[in-house]
2 protein chains.
Amino acid sequence: MDARMMKLPLTIASIIRHAERWHGATEVVSRHVEGDIHRETYADVASRARRLARALGRLGVQPGDRVGTIAWNGHRHLEIYYATSCSLAICHTLNPRLFPEQIAWIAQDAADRVVFFDLTFLKLVESLAPKLPAVLHWVAMTDRAHMPQSSLPLLCFEELVAAEEDRYEWPDCDEDRASSLCYTSGTTGNPKGALYSHRSTVLHAMAECFPDVFGLSATETVLPVVPMFHVNAWGIPYAAPMAGTKLVFPGAGLDGASLCELFEGEKVTMSAGVPTVWQGLLQYLETSGKRVEHLKRLVIGGSAAPPAMIRDFREKHGIEVLHAWGMTEMSPLGTLNQFKVKHADWTEAARDALREKQGRPHFGVDLEIVGGDGRPLPHDGTAFGDLVVRGHWIIDRYYRDAGGDVLRDGWFPTGDVATIDADGYMKITDRSKDVIKSGGEWISSIDIENLAMAHPAIAEAAVIGVPHPKWAERPILVAVKKAGAEVTKEAMLDFLRPRIAKFWVPDDVVFVESLPHTATGKLSKLELRKQFANYKPAS
Amino acid sequence: MDARMMKLPLTIASIIRHAERWHGATEVVSRHVEGDIHRETYADVASRARRLARALGRLGVQPGDRVGTIAWNGHRHLEIYYATSCSLAICHTLNPRLFPEQIAWIAQDAADRVVFFDLTFLKLVESLAPKLPAVLHWVAMTDRAHMPQSSLPLLCFEELVAAEEDRYEWPDCDEDRASSLCYTSGTTGNPKGALYSHRSTVLHAMAECFPDVFGLSATETVLPVVPMFHVNAWGIPYAAPMAGTKLVFPGAGLDGASLCELFEGEKVTMSAGVPTVWQGLLQYLETSGKRVEHLKRLVIGGSAAPPAMIRDFREKHGIEVLHAWGMTEMSPLGTLNQFKVKHADWTEAARDALREKQGRPHFGVDLEIVGGDGRPLPHDGTAFGDLVVRGHWIIDRYYRDAGGDVLRDGWFPTGDVATIDADGYMKITDRSKDVIKSGGEWISSIDIENLAMAHPAIAEAAVIGVPHPKWAERPILVAVKKAGAEVTKEAMLDFLRPRIAKFWVPDDVVFVESLPHTATGKLSKLELRKQFANYKPAS
């Protein structure tokens, strides 16, 4: 029997319509790459998005067309998000931190028709343009006064908006329609696109508002440090207008001083980003003696937050760091580390240990860890297996079917290896391809790396598996010493031995000048394994 | 272009599955009508719901069948919620506070196949049974030891559950499928049913978790005072397991002492209910000198919360009262009164005035006020018009099409008259049928009543319109004096005059011994208008 409820689609247009009607006067503050601080409201965003949508139509953008962006976090980027998706085009955010050849490959694969870019990326755009004949228009996200000289026939964002009247009704839209596209920068093979829907985006944003996730409300002010070119700034550009949260965009100013100025000046209560940015902020606060008085919560994801950072923010600055985990294929939110009622009675040391885990899933996402046979492993905090996920905002295929059928029994394999404890808290122990299988047992490379990096002489460490005639694989530790520091192989092994199981102790320690990294700054174990392809054990 | 996201339905089964997997050890505490305090976990609820679903199948309940409940808030009622909806039957909550003839009419209209009831309602059930031959089974929600003597062949809830193994997979379910049914107890005509869907229930629960709505999380403990027989306890039985919130059910103990004991004993942080219950709690706290230390937030809806109550809870007990508004046809949440960033700078007096409004809508609901011509009125806090709503959890028809096409241009007319201010805060000024239209202008009966009730001699007041040859209608005030108090008509009018527009001043004041009320305790202006059908003005 069908119910008797209104059937309204879950669309991105309904988010900006809500913000305009019920939070129209709430501010969206942006640091422009031109230098000034720009203020507008959600009513302005909605109006400018409508006018931009008319301009896109005039430029020949059709429903389903991809529109690229190469831009920092700012109100114009936000307006493009809504102008594209709400007019049934697809917002395709390009990551300027990738190698230019990768960006060109991605823009070509997506067949972007129009590309918007911030002025900082002019040189990049000029180098890309010859490789991208399908791009009809390049639009500089600035006003006439700041339009640069260029070899390209650039369009001016503010002129496009100013030329249009604010008369546009967002078209009806099926909620399963594609709304936006983001490519993963995998370490192997070509990048693959995650093609989100209106429905998945809205449900993801709703869950993000939960108190146990980002806890967005109309009394909060959020500054997303995580870039809008990286998995839609973790969904904040959708969740904030949904909740009527004041938005502050940092533009290109991600250094400690610039962030601190906005945090204080705009009374920011909540932020989100990767560990490196927060390390910079911590250092700036320490050296400058400045305080951030309003900031209460920081969500940290992208890679594991060092325990010392979590503690320093809390103890020195009264800021709660919330560990999060997700991936591009998950829109991206999978888990967030927030306490349960029972943890109020725990000791601070036990709470600290819990904070280091990646957290528990919220409604809308389900997780499981499975063994080699695909069967679920116990949630005991010890057993570790391949982490698989399912939920409303998780892909079931890549864009253009890249990689074919990627699901395993209806679950998406994350490529991570993890434990889940009895309270549902998940901890990443390794990447599936990095886990070391020694004599039928699994060894977590990340656990050993974290321990090694706790040694005062070690700057960076990597653990990889090397072939072994008896055990199939054995771990070796490859480490970079801190400038001026000294430590021997034996001292390093002595340091590790009391802290890990005997069979986890690396067979060798190799000191190197530097470790290989990917374009986005992640340790490249693929490259490292290549370097050690012909490694022979000392014994 | 269709996106590439997993397509999973929004179902009630997905809520309890989430609670079992990720909050399995979180408690659900219930005060049984038998007297004891019962403790179980979400894992228990899920398991018992599965076993109960098997029992329902054995009793002949088919997908789409209605299963009635006449019960207080408790774990068994929660288990029925999930056992019915998740097995594709429809959970039909019957309101025991209605007149027995109304209950019988509703159960017949819904064609309930099985009815579950709490022991307190045995006499009621025995009187209903002869009128409801279609009910196959009456199930007493208790164990064998507490089974009562009865003229009916009763089944025992705990025996049904104990007889089944925990082997049951919730069937696949389209998200638009009907999940539950609740009748409105309108003041005119027969009751009409609101038939909710899995999708509407899930989306309503998600929005309810927002910090600006109920703010449910795994560190909160919620005690719903609002009954599960009244619009699903405002959705808390769905939102709490979704967020992993500890649930405390008060059973039949809604007096101040019983509530206070549970609030303190279970460290309840949040509750929700109608003003009369909270008045009782306030009085109990005052006379007993007891404190409720953990309670932080009370959501008050159903009727307007008196300003003094809002203030007393905050100032004397540190409890923030959140004014809410909704209706059965809206699942029920429409608005909730929470501040925005800007209100932090307001004076406490201005914040108090704002708190008296019913609040602003959250994502998923849209409101509008329209004039007689159906056109939107300004959101200026002054203009008042018919309040219409639309959204994901609002009906578009009644069950069995009662009343036919009830929407107006796609909006549901609430029957309320309201203002909306520039910040989006809505205030109910009247019921549409009670608003007085005098010389083309509207007069709010509620505003005058509230003023009249602020007079120290007045216990209760009602304002109704009576026919007038020149102005079409004019207001008269009908009032009940407090025991032993005295006030004259002229003194009453003198009291009102400086506080309202001249044309709002009632033409007459009539003192009566009592005012008529409906079965659910609301003032019945319909009845009052009948009493005054032959009223002739004094002048």
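Mentor: Let us begin with a definition: a nonpolar core is a set of buried Ala, Val, Leu, Ile, Met, Phe, Trp, Tyr and Cys residues joined through side-chain atoms within 4.5 Å, where buried means under 20% relative accessible area, exposed over 50%, and partly exposed in between, with a 1.4 Å probe and protein chains only. The model is predicted, so local features need pLDDT of at least 70 and side-chain atom pairs count only at pLDDT 80 or more, while totals for chains, interfaces and linings use all residues. Residues are numbered from 1 along each chain as its sequence is written, chains are lettered from A and ligands numbered from 1 in the order in which they are written, and side-chain values use heavy atoms, with hydrogens and water left out.

Trainee: Which residues have the most contacts inside the largest nonpolar core?

Mentor: They are Trp138(A), Phe214(A), Trp138(B) and Phe214(B), in a core of 301 residues. Apart from that core lies another, of 24 residues, including Ile448(B), Leu477(B), Val487(B) and Leu496(B). In soluble globular proteins, nonpolar side chains tend to be buried together.

Trainee: What is Trp138(A) in contact with, leaving aside its neighbours within four places in sequence?

Mentor: Contact means heavy atoms within 4.5 Å, and the partners of Trp138(A) on that basis include Val115(A), Phe117(A), Leu132(A) and Pro153(A).

Trainee: What makes Glu34(A) and Arg76(A) a salt bridge?

Mentor: A salt bridge is a side-chain nitrogen of Lys or Arg within 4 Å of a carboxyl oxygen of Asp or Glu, and the side chains of Glu34(A) and Arg76(A) meet at 3.3 Å, N to O, so the pair qualifies. Glu34(A) lies in the loop between strand E1 (27-31) and strand E2 (37-41) of chain A, and Arg76(A) in helix H3 (residues 75-86) of that chain, so the pair ties together parts that are 42 residues apart in sequence. Helices (H or I, at least four residues) and strands (E, at least two) are DSSP runs, numbered from the N terminus. Glu34(A) and Arg76(A) are also linked in a network of salt bridges with Glu40(A), Arg48(A), Glu79(A) and Glu158(A), and a search of the whole structure finds 92 salt bridges over all chains.

Trainee: Why is Arg76(A) called buried?

Mentor: Arg76(A) has 7% relative accessibility, which is under 20%, and therefore it counts as buried.

Trainee: Where do Lys123(B) and Glu126(B) lie, and is each of them buried or exposed?

Mentor: Both lie in helix H5 (residues 122-128) of chain B, 3 residues apart, about one turn of the helix, and their salt bridge has its closest N and O atoms 3.6 Å apart. Lys123(B) counts as exposed at 62% relative accessibility, whereas Glu126(B) counts as buried at 18%.

Trainee: How do you know that the two copies are related as by a two-fold rotation axis?

Mentor: A rotation of 180° with 0.0 Å of shift along its axis superposes chain A on chain B, with an RMSD of 0.1 Å, and the two copies are thus related as by a two-fold rotation axis. The superposition is by least squares on the C-alpha atoms of residues with pLDDT of at least 70 in both. Of the residues of chain A, Phe210(A) comes closest to the axis, at 2.5 Å (C-alpha).
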